[in-house]
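Q: Could we go through this structure together? I would like to start with the contacts along the chain.

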Amino acid sequence: LTGVSYTVPFIILGGICIALAVGLGKIIYGDQYSAQPGDFFYYLEKIGSVAFTLMIGVLGAYIAYSIAGRAAIAPAFIVSVVANTADALFPIGGIQVSTAMGFVGAILFGLAIGYTVKWINTWNINKTISAIMPIFVIPLGVGLFYGLLAVFVIGAPVGWIMDKFINALKEAFSNENIGIGLGIG
């Protein structure tokens, strides 16, 4: 729940900015309106888009924080954002990733990084090294390990599954009867 509570302001800011940009743009310029660079609504929509992009990192970071504390924030944030960046994921076996891991990646890496950092914090370490553990060793080691795991191992297969899932939902909602049935259910 910590991850969700820190994510809510990003959802609100992003959603309102995008809704205002699209809604006011269509009210002022008509239904065919599409924001273009140089237009105020284009930049308002970009603010909302950035808020939604960062929201994934915040979710992963604060899931990890709730488990292991401050040392888990940076690696979970960065790995969650990388896992949500489709062109940062290596195409395993020719799988071209067009859909990133999204919320699934944030939850997966938030939990994994949180429990990994919690486990590392139980190690008996020399006092001279323990001071740099939460600010250098843990973020660097855990961040690189899970970042590379996201890019080269987990990213493409999970992205492929997410792509199939999204396409199935689009197909289901393109048929009015199925869409109404799913909406009621």
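A: In the protein chain, residues 24 or more positions apart account for 66% of the contacts with a separation of 6 or more; contact means heavy atoms within 4.5 Å. This is a predicted model, in which local features need pLDDT of at least 70 and side-chain atom pairs count only at pLDDT 80 or more, while totals for chains, interfaces and linings use all residues. Residues are numbered from 1 along each chain as its sequence is written, and side-chain values use heavy atoms, with hydrogens and water left out.

Q: What does the secondary structure of the protein chain come to?

A: The chain has seven helices and zero strands, giving the pattern α-α-α-α-α-α-α along the sequence. Helices (H or I, at least four residues) and strands (E, at least two) are DSSP runs, numbered from the N terminus.

Q: How much of the chain counts as buried?

A: Of its 185 residues, 35% count as buried. Buried means under 20% relative accessible area, exposed over 50%, and partly exposed in between (1.4 Å probe, protein chains only). The C-alpha atoms fill a box of roughly 65 × 35 × 35 Å along the principal axes.

Q: Which residues have the most contacts inside the largest nonpolar core?

A: They are Phe 109, Ile 113, Val 117, Ile 138 and Val 142, in a core of 19 residues. Helices H2 (40-68), H3 (73-83), H4 (102-120) and H6 (133-174) each give two or more residues to this core. The largest share, seven residues, comes from H6. A nonpolar core is a set of buried Ala, Val, Leu, Ile, Met, Phe, Trp, Tyr and Cys residues joined through side-chain atoms within 4.5 Å.

Q: Let us take Val 142. Is it buried or exposed?

A: Val 142, found in helix H6, counts as buried because its relative accessibility is 4%. Leaving aside neighbours within four places in sequence, Val 142 is in contact with Pro 75, Ile 113, Thr 116, Val 117, Ile 120 and Val 137.

Q: Changing topic, where does the kink in H6 lie?

A: The kink, about 60 degrees, lies at Ile 154, shortly before the proline Pro 157. The bend at a residue is the angle between axes fitted to the seven residues ending there and the seven starting there.

Q: What does H6 span between its end C-alpha atoms?

A: H6 spans only 52 Å, whereas a straight helix of 42 residues would span 62 Å. The expected span is 1.5 Å times one less than the number of residues.

Q: How many aromatic pairs are there?

A: The count comes to 10 aromatic pairs. Rings of Phe, Tyr and Trp (its six-membered ring) pair if their centres lie within 6.5 Å; planes under 30 degrees apart count as stacked, over 60 as edge-to-face and the rest as tilted. The rings of Phe 90 and Phe 152 are 5.4 Å apart at their centres with planes at 50 degrees, so this pair is tilted.

Q: Which parts does that pair tie together?

A: Phe 90 lies in the loop between H3 and H4 and Phe 152 in helix H6, so the pair ties together parts that are 62 residues apart in sequence. Phe 90 counts as partly exposed at 42% relative accessibility, and Phe 152 counts as partly exposed at 45%.

Q: What about Phe 109 and Tyr 146?

A: Their aromatic pair is edge-to-face, at 6.3 Å centre to centre and 70 degrees between the planes. Phe 109 and Tyr 146 are both buried.
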